[in-house]
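Subject: Handover of a structure

Dear colleague,

Please find the sequence and the structure below.

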Amino acid sequence: MNQFFTFEGIDGSGKSTIIDHVATALKQKDCSVVITFEPTDTWLGKYVQHQIKTKSDPFVTAFTFIADRIEHSKKIKEWIDQGNIVLCDRYAESTYAYQSVQLEKTLKNPIKWLQDLSKGRILNPDRTFYFRITPEKALSRIQHRDELIFFEQQSFLRKVHNNYEQICNGDRFIQVDATKTIPDLTELCLAEILSES
Ligand code: TYD
């Protein structure tokens, strides 16, 4: 039985909205669901948020994102063991896609380096929904936000997008067209989760 589903995509891809809709639909079907997200709302996750707002050292940012995830994974494991379906807004691929851009000038193969650091310390999601959208479209959706962080600049986001395109391949990944309507995307994710659970 598959219980652990992660949602990935660039800023503005709409995954958080869809997670909420999917969770509501699952609850209506009497499924036990936990929605969770990264960076987490623990002190470690809040420290990470501070890091990205202040454009801090890329290595410290990478290490703390991974530390936040290792701790978070223990909670996720508990929720899974209790029989819940866990929907997680961002997980390991976010670190590979974003922090590798920050580290590209210092490391030869930052994605591999980040994957090696994480190996054996985090969980393997059963399925990962990858919300595909161009950086231009995604940015036009979030332009109205008061405070855009530097991750949300077009040149940065384009590199993150290219990384996602490279990483999110293989059996675990379900690529979805993030420009589809909210009901369509909800239905698509729901059908996949219910077929697996
Ligand atoms: P998030 O709160 O998911 O932002 P949003 O809801 O706008 O998608 O994530 C905050 C930022 O942190 C976002 O730009 C993505 C980035 N991020 C990383 O760089 N690495 C990571 O490992 C994670 C989980 C997020």
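Cys 88 is buried, at 0% relative accessibility, where buried means under 20% relative accessible area, exposed over 50%, and partly exposed in between (1.4 Å probe, protein chains only). Please note that this is a predicted model, in which local features need pLDDT of at least 70 and side-chain atom pairs count only at pLDDT 80 or more, while totals for chains, interfaces and linings use all residues. Residues are numbered from 1 along each chain as its sequence is written, and side-chain values use heavy atoms, with hydrogens and water left out.

Cysteines

A search of the whole structure gives zero disulfides, a disulfide being a pair of cysteine sulfur atoms within 2.5 Å. For Cys 88, the closest cysteine sulfur belongs to Cys 168 and is 14 Å away, which is too far for a bond. Cys 31 is partly exposed, at 21% relative accessibility. Its closest cysteine sulfur, in Cys 189, is 14 Å away, again too far for a bond.

Salt bridges

Side chains of opposite charge can pair when their charged atoms come close. The whole structure holds 13 salt bridges, each defined as a side-chain nitrogen of Lys or Arg within 4 Å of a carboxyl oxygen of Asp or Glu.

One of them joins Lys 15 and Asp 89, at 3.1 Å from N to O. Lys 15 belongs to helix H1 (residues 15-28) and Asp 89 to strand S3 (residues 85-89), so the pair ties together parts that are 74 residues apart in sequence. Helices (H or I, at least four residues) and strands (E, at least two) are DSSP runs, numbered from the N terminus. Lys 15 is buried, at 6% relative accessibility, and Asp 89 is buried at 12%.

Another salt bridge is formed by Glu 38 and Arg 69, at 2.6 Å from N to O. This pair links distant parts of the chain, 31 residues apart: Glu 38 is in the loop between strand S2 (33-37) and helix H2 (43-53), and Arg 69 is in helix H3 (residues 58-81). Glu 38 is buried at 6% relative accessibility, and Arg 69 is buried at 1%.

A network of salt bridges links Lys 112, Asp 116 and Lys 119. Within it, the closest N and O atoms of Lys 119 and Asp 116 are 3.4 Å apart. Lys 119 is exposed, with a relative accessible area of 61%, whereas Asp 116 is partly exposed at 33%.

Pockets

Grid points are joined across faces, edges and corners, and a volume is the space filled by probe spheres set on the points.

The largest pocket has about 880 Å³ of space. It is lined by 38 residues, and the closest to its centre are Asp 11, Lys 15, Ser 16, Arg 90 and Arg 145. H1 gives the most to this lining, with six residues.

The second largest pocket has about 270 Å³ of space. Of its 15 lining residues, Glu 93, Tyr 96, Ile 122, Asn 124 and Arg 172 lie nearest its centre. Two or more lining residues come from each of H4, helix H5 (110-118) and helix H7 (154-167); H4 gives the most, with three.

Yours sincerely

Notes
1 Å grid on protein atoms, 1.4 Å probe; cavity = no way out; pocket = protein on both sides within 12 Å on 5 of 7 lines; lining within 4 Å.
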